[in-house]
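Hi everyone, thanks for making time this morning. I'd like to walk you through one structure, so please have a look at it while I talk.

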Amino acid sequence: MFDLLKKKISGVVNSFINKKVDGTALEQEADGKSPAQHHDKDVPGPAHESPVDSKAMDYSAYEGQNAAPETKLPESVMQQPAMQENNATNRTASNNQNSKTSSKSNIKLSIATKIKGTILKNVSLNDSEIDDLTQNIEMSMLQSDVAQKTAEKFSESLKLRLKSDRFDYKNIRKEIDADVRTALLDVLESAGKSPNVLGLIRKNKEFGLPSKILFIGPNGTGKTTTIAKVAHLLKHSGLSVVISASDTFRAAAIEQTEHHGKSVGVPVIKSGYGADPASVAYDTIEYARAHRIDAVLIDTAGRQETNRNLVMEIQKMVRVSKPDITIFVGESTAGNAISRQISELQKSIKIDAIILTKLDCDAKGGNAISIADITGVPIAFFCNGESYDSIMEYNPDIILDAIAPAS
Ligand SMILES: Nc1nc2c(ncn2[C@@H]2O[C@H](COP(=O)(O)OP(=O)(O)OP(=O)(O)O)[C@@H](O)[C@H]2O)c(=O)[nH]1
Ligand SMILES: [Mg+2]
């Protein structure tokens, strides 16, 4: 999903540091090699596979289904459903990789910067170099579905960072990459910490309480399938689950939920079509209390954020079921419409987290960055396939490693 954006940003940084000044290519590299000596081998760029990318995921399990085999995600992302409950540890490890160590980057900067680099160990970039680089990155982000407001904000933050930074001339590419990565992390972290869903369920369990999770979102984004994936994940983590078939509207929705429940081995509480979805949720919570079940996953019918009656129906479900977490399920293929949908719904309903589905179908992925920035709601999980184990806990390193891998 993040492939395109990564290639664009990497390409911009690369072409920036390799750019010709006044039409004249510089012959000598910062590390003393001629351009020919770097040919293909050392030159990172759009066509150059990053270490992250080189581990393409195995799509054989999805053959004949909707998955797009050409999309590549980091292999670590695919090692699911193992939950990584301590994101901080992973972040630290990744930041360490990001440390400014020696590089063999193919560096060509402006003549002025190059001359400075021969005299001084550390150089700064001049305003026109910074403007050039940030404008190009901003353009690439826009082309990759990052919302304009977010791209501009990112560009400003990167500009400040680059202006205040001095770069070890020999490692300049690596250090510019690190600045891009840190500026991206700033945007992602602006949405706050993702809820620790398993941790919360375990905590409530200690008090003998079921945790209630309400899933909402537009039609067909993958709510019911995602509920089955979450149920599967929780079961494999030693927690008991019941599903509320509270989509009493769409034809065959109840049967679909029952089918998933049977497949993942969890009970489904249902009523008939046309029944009050809030009362089905209430019955399910009662069932969970009576049977000491740890988690209640409440399905809902798909709805547009602009449909007042349907939004009021969700408000009633919130009043009746008092969810511990309300999750918006959005499909990554919807681009920046997701931010709009969430912002509109937030006027009426408190949304605690987002699950972004169908990553396997999306070639861009910039919307994961805009969602964090525009809505301020953190992503809890990514889903990337139709099988029950194609769900992964959100970790910003998934996005950072894919878009701006530490070089
Ligand atoms: N490729 C892919 N398909 C998915 C993913 N998640 C769900 N789907 C598919 O998307 C389609 C719709 O999924 P549902 O779970 O029925 O979506 P929904 O939001 O419950 O739909 P409504 O109840 O009609 O609003 C199904 O064909 C799912 O198999 C995913 O991560 N990747
Ligand atoms: Mg559904």
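**Salt bridges, strands and a surface patch**

Let me begin with a single side chain: D352 has a relative accessibility of 19%, so D352 counts as buried, the cut-off being under 20%. Its salt-bridge partner is K350, with the closest N and O atoms 2.3 Å apart. K350, in contrast, is exposed, at 63% relative accessibility. Elsewhere, salt bridges with shared partners tie D131, E156 and K159 into one network.

Before I go further, please keep in mind that this is a predicted model.

How many salt bridges does the structure hold? The count is 14. Is D373 buried or exposed? D373 is buried, at 10% relative accessibility, while K153 is partly exposed, at 48%.

E344 is partly exposed, with a relative accessible area of 29%, and K347 is exposed, at 64%.

Now let's step back to the whole protein. The secondary structure comes to 15 helices and 10 strands. There are 407 residues, and 55% of them count as buried. If you look at contacts with a separation of 6 or more, 78% are between residues 24 or more positions apart. The protein exposes about 17500 Å², and carbon and sulfur atoms supply 51% of that area.

In what order do the eight strands of the open sheet come? The order is 5-4-6-3-7-8-9-10, and the pairing is mixed. Strand 5 and strand 10 (391-393) are the edge strands, each pairing on one side only.

Let me take strand 7 (residues 325-331) first. Six of its seven residues are buried, so strand 7 is largely enclosed by the rest of the structure. On one side, strand 7 runs parallel to strand 3 (residues 211-216), joined by four bridges, and I216 stands opposite F328 there. Strand 7 is also parallel to strand 8 (residues 353-357), this time with five bridges. In that pairing, V329 faces I355 as its opposite number in strand 8. Follow the chain and you will see strand 7, helix 13 (residues 337-346) and strand 8 make a right-handed β-α-β unit.

Next comes strand 4 (residues 241-244). Strand 4 pairs in the parallel sense with strand 6 (residues 295-298) over four bridges, and the bridge partner of V242 in strand 6 is V296. Strand 4 is also parallel to strand 5 (residues 268-269), with two bridges. Those put I243 opposite V268 and S244 opposite I269. The chain gets from strand 4 to strand 5 by way of helix 10, in a right-handed β-α-β crossover.

A253 is found in helix 10 (residues 253-264). A253 is buried, at 2% relative accessibility. Which residues does A253 touch, leaving aside those up to four places away in sequence? They are D247 and Y273. The C-alpha atoms of A253 and T300 are separated by 9.5 Å, with the two residues 47 apart along the chain.

Finally, let's turn to the surface. I111, I115, I119 and L120 form a nonpolar patch there, with about 380 Å² of accessible area together. One of these, I115, lies in helix 4 (residues 111-119). I115 is partly exposed, with a relative accessible area of 48%.

Definitions and conventions:
Residues numbered from 1 in each chain as written. Chains lettered and ligands numbered in written order. Predicted model: local features only at pLDDT ≥ 70, side-chain atom pairs only at ≥ 80, totals over all residues. Heavy atoms only, no water. Buried < 20%, exposed > 50% of the residue type's maximum accessible area, 1.4 Å probe, protein only. Contact = heavy atoms within 4.5 Å. Pairing = 2+ DSSP bridges. Right-handed = clockwise from strand over helix to strand, strands pointing away. Areas by Shrake-Rupley, 256 points an atom, 1.4 Å probe, with all protein chains shown as cover. Patch = residues over 30% accessible without salt bridge, like charges linked within 9 Å, V, L, I, M, F, W, Y side chains within 5 Å. Salt bridge = Lys/Arg side-chain N within 4 Å of Asp/Glu carboxyl O.
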